[in-house]
Amino acid sequence: MTGPEGVRAEETGATANSPAVSAAPPPADEQGRVEAAAAATGTRGLSRFRLGELRNLGLIGVLVVLVVVGALTRPAEFLTYDNVVVILTLASVIGVITVGMTFVIIGGGIDLSVGAIVALATVWATTKATQVYGTGGVIFCALAVGVGCGLVNGLIIAYGRIVAFIVTIAMLASARGLAINISGGHTQTLNSDNQALVNLGYKDHFLFGRIPPLVIIFAVVVALGWVVLNRTTYGRRTFAIGGNPEASRLAGLNVRLHTLLLYAVSGLCCGIASIMLIIMTSSGTSANGNLYELDAIAAVIIGGTLLSGGRGTLIGSVLGVLVFTTINDIFTLNNLTTATQQIAKGVIIVIAVLFQRLLAERRAGSGAS
Amino acid sequence: MTSSQARDVRRRGFLLSGTLAGAGALAAACTSNAEPEAKAPAAATAGGANDKPGKKVTVGFAGPQADHGWLNAINEQAKKEAGRYSDVDLKITEGSNDAAQQASQIQTLINQKVDVLVILPADGKQMTPTARKAMDAGIPVINLDRVFDTAQAYRIWIGGDNYRMGLNAGNYIGQRLGGKGTVVELAGIDTLPLTQERSKGFDDALKNYPQIKKVGRAAAEFNVQTGQARMAELLQAHPKFDALWNHDDDQGVGALQAIRQAGRTDFFMVGGAGAKSAMDSIKKDDSVLKATVLYPPTMAASAIRVARLLGQSKIMSDLAEQELPSSITLFSAVVTKQNVDTYLPFAFE
C-alpha cells in the first residue's frame, strides 16, 4: 500500500527541497504528452490489456466450475430463473460497492470504510425525519451521505496527507458509531408512504416481468464504471496515478484532486448500494454492511487488480463478486454450515489467484518462445 | 503552484465547502427519529407492598454495546425501571463489546462503591474475574443473561432460556402442523452458544413429531441484511415446505422481505425474541409470520427490581423463602394473534 501515500511524502519533500520543480508546471501540450506516456508505461499498453483478459478467463473458469458443481448437486433448484435472480440480486449490492473500490485500488488507494458508510447511509435515509420527504428524500439522503463521507475521506487523504488506510479506518469507526447513535440500535423500517421503494423488490415490478430493477442498477453502474475507467481521460489518469503518482504529478496531473474524486466515487457507490439495500430489506440498521470492505477488496483482488494500484480491470472485479455470491448460494442450497463456507471461500480465493498466475505465466512463456 | 492556480483551488475549495456545509445543514435535520406523538409506554406490572420507598440504593449497570434491537431494549428497560423508583440511583456505563473496556467500566463502578451491580457481560467467561472482584469487595452482583463461569461471581442470575425457546418454537410448529410436514430453520450466528442451544431445543422438540422433517437450515448474523440474503437462498433451495422458524426478529425483518419478494405463501413462519415489528405483523395477520417466541428484554427491568430488593434487604413476598433466590430463569412464551395484546406493550423496537 505504498500508492499515493508514499509518493505524496516524496512530493512534499520535493516541494520543500527544490522549489524549481514546483515553480514551473509544464505547458499544457507537454502535460498531455507525458500523461499519455505515463499511462502507456504504467500499464504496459497492449500487454496489460491481454493480461487483464487472461485473468478474467481464469475467473470465468472458476465460475463455470462453480455452476457445474451447483447444477450437479442441486439439479432441480440451481439453474432455475428464480435462483439466478437471487444470485444476481444478492451480487448487485456488494457489486456496486466493488465498482467504487476498483477505482480506488487502481488509483493506488484503499477504502476500508465502505461497510460503515453503507450502515450510516441506510440509517440516515430511513429515519422518520427523512422519510417525511418521501421516496425522493430517502434516495437523496442516501446518496448525499455516501458522497459526503467519500469527500471527507478524500479531502483528508489528498489534502491532509494522511495514509488512506488510517483515514478510512477512522471513517469506518466513526461512521458506524454515528449510525448506532442515530438509530439508537433500532432497525428502522420504511413507512407505508415509502412502499414504492420496497415494491421495486417485488416480482410484479420487474422490468418486462423478468428483470429485477436492482440488477439493472448494478448493470448500469458497471457499464458506466467501465466506460469511465477505459474510455475517458479520468480513467486513464486513474491508472497513471495508481501506477506512478510521482511521474503523474511531474507530468502536470492534479494528483490530489484526482485522489479526492476517487474516494468521492467510492462514496457515491456506497450511497447507491445503500438505496439498493433499503429496497431489498425495507429497512436501515447500523448492523448493515458488516465486513463489506473485506468482501469488496477480496473481489477486486481475485479480479486481478493489483493491490498496489496502476493495474486492474472492472470486469474482473464483477466476476469476483459473482464467484463469491455463487459460492454462498451453492452452500446454502446444499445445507452446508457457515464454517464450511468460510473455509471454502478461503481455499477458492487462493485457487483462483494461483490459476490466474499459471495462465499468465504460460502466456508469457509462449510469448517469449 | 502559481498564484492563478492557487486562486483557482481556493475558489473551488470555497465552493466545495459551501456545498458541503449546505448539504450538512439539510441532512442534519434528517437524523431525528422522534415520533410526532410520543406515547408513554405502558408501565410494567406493579410490585405490591415492596414498591414503597425505602433505603436509597445505588445500582451500577454495565451492558454490552447496544448494536441490536434486543440489547438496546435491555438498556432502555433498565433505565425506565430505575426511573420508577425514587429510592434507586442508577449509574449506567456506556455499553462495550470489548472485554477489556467493560472490565475497566465495572472496576470504575466498584470504585464508586455502588450498592449492587447488574452486569450483562459481552462475554460471560471473560468477565468472570472482574465480577468476582466486585463480590469480594462486598458488592453483590446480579448477572444478566450471559452467565459467568462460576457461581462465586454472582449473587443472583437472571436470564432467558435459549434451549426452551427452541423447544417452545418446535412444539408450537409441531402442534400447528398436526404432527406432519417439512420445516426449515433460519438460525442466528452459529458460533454463539445461544444459537446452538436454540437449535438443540428446536431439534429436541421436533423429535416428538416423527413425521415432521427438518429439510433446511441456514445461519444469518442477527441483522436484516443477512436475514434477507440467507432466506432468499433458502427459499430457492426449498421450493415447498410447511413451516419456518427464524431465531431472531431483527433478522426476521429481512427474512420476511425475502419471502415477500419471492411471493411465497406456502408455509407459516415463527419468529424469535419478540420485536415490535414482528408483533404488529402477527396482530395484523398480514404475512406468513404467525407467531414469535419471546426472549424477554424485561429481564433488565426485573434485574433493577431485584437489585433494589437486595440493596434494601427485602425478599420476594410471593415466595415463602427468607432470601432472594439465586437464579431466575425466564419463560419463553409463544406470542400468537390470540395473546399478542398482552405482550405488545413490552415488545422492543
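Reply: UniProt positions are given here in the numbering used for this model, and such annotations may be inferred rather than shown by experiment. The model itself is predicted. In chain B, six strands form an open sheet in the order E2-E1-E3-E4-E5-E11, with parallel pairing. Strand E2 (88-92) and strand E11 (327-329) of chain B stand at its edges, and because each has a single partner strand, one side of each is left without a neighbour in the sheet. On average, neighbouring strands of the sheet are turned by 20 degrees against each other, direction ignored. Within the sheet, strand E3 (residues 116-119) of chain B pairs with strand E4 (residues 141-144) of chain B in the parallel sense over three bridges, and B:Leu117 has B:Val141 in E4(B) as its bridge partner. Helix H3 (residues 99-111) of chain B packs on this sheet, where it touches strands E1 (57-62), E2 and E3 of chain B, and its direction makes about 170 degrees with that of E1(B).

As for the cores, the largest nonpolar one has 109 residues, and those with the most contacts inside it are A:Val323, B:Met231 and B:Leu244. A second, separate core of 49 residues includes B:Ile158, B:Ala243, B:Phe268 and B:Leu324.

For chain A, an unreviewed UniProt entry places the feature "transmembrane region" at several spans, among them residues 132-155 and 162-182. Residues 132-155 of chain A are 92% helix and 0% strand, with end C-alpha atoms 32 Å apart, while residues 162-182 of chain A are 90% helix and 0% strand, with end C-alpha atoms 28 Å apart.

Methods:
Residues are numbered from 1 along each chain as its sequence is written. Chains are lettered from A and ligands numbered from 1 in the order in which they are written. This is a predicted model: local features need pLDDT of at least 70, side-chain atom pairs count only at pLDDT 80 or more; totals for chains, interfaces and linings use all residues. Side-chain values use heavy atoms; hydrogens and water are left out. Helices (H or I, at least four residues) and strands (E, at least two) are DSSP runs, numbered from the N terminus. A nonpolar core is a set of buried Ala, Val, Leu, Ile, Met, Phe, Trp, Tyr and Cys residues joined through side-chain atoms within 4.5 Å. Buried means under 20% relative accessible area, exposed over 50%, partly exposed in between (1.4 Å probe, protein chains only). Two strands pair if DSSP finds at least two bridges between them. Axes are lines fitted to C-alpha atoms, for helices over the stretch in contact, and angles run from 0 to 180 degrees between N-to-C directions. Contact means heavy atoms within 4.5 Å.
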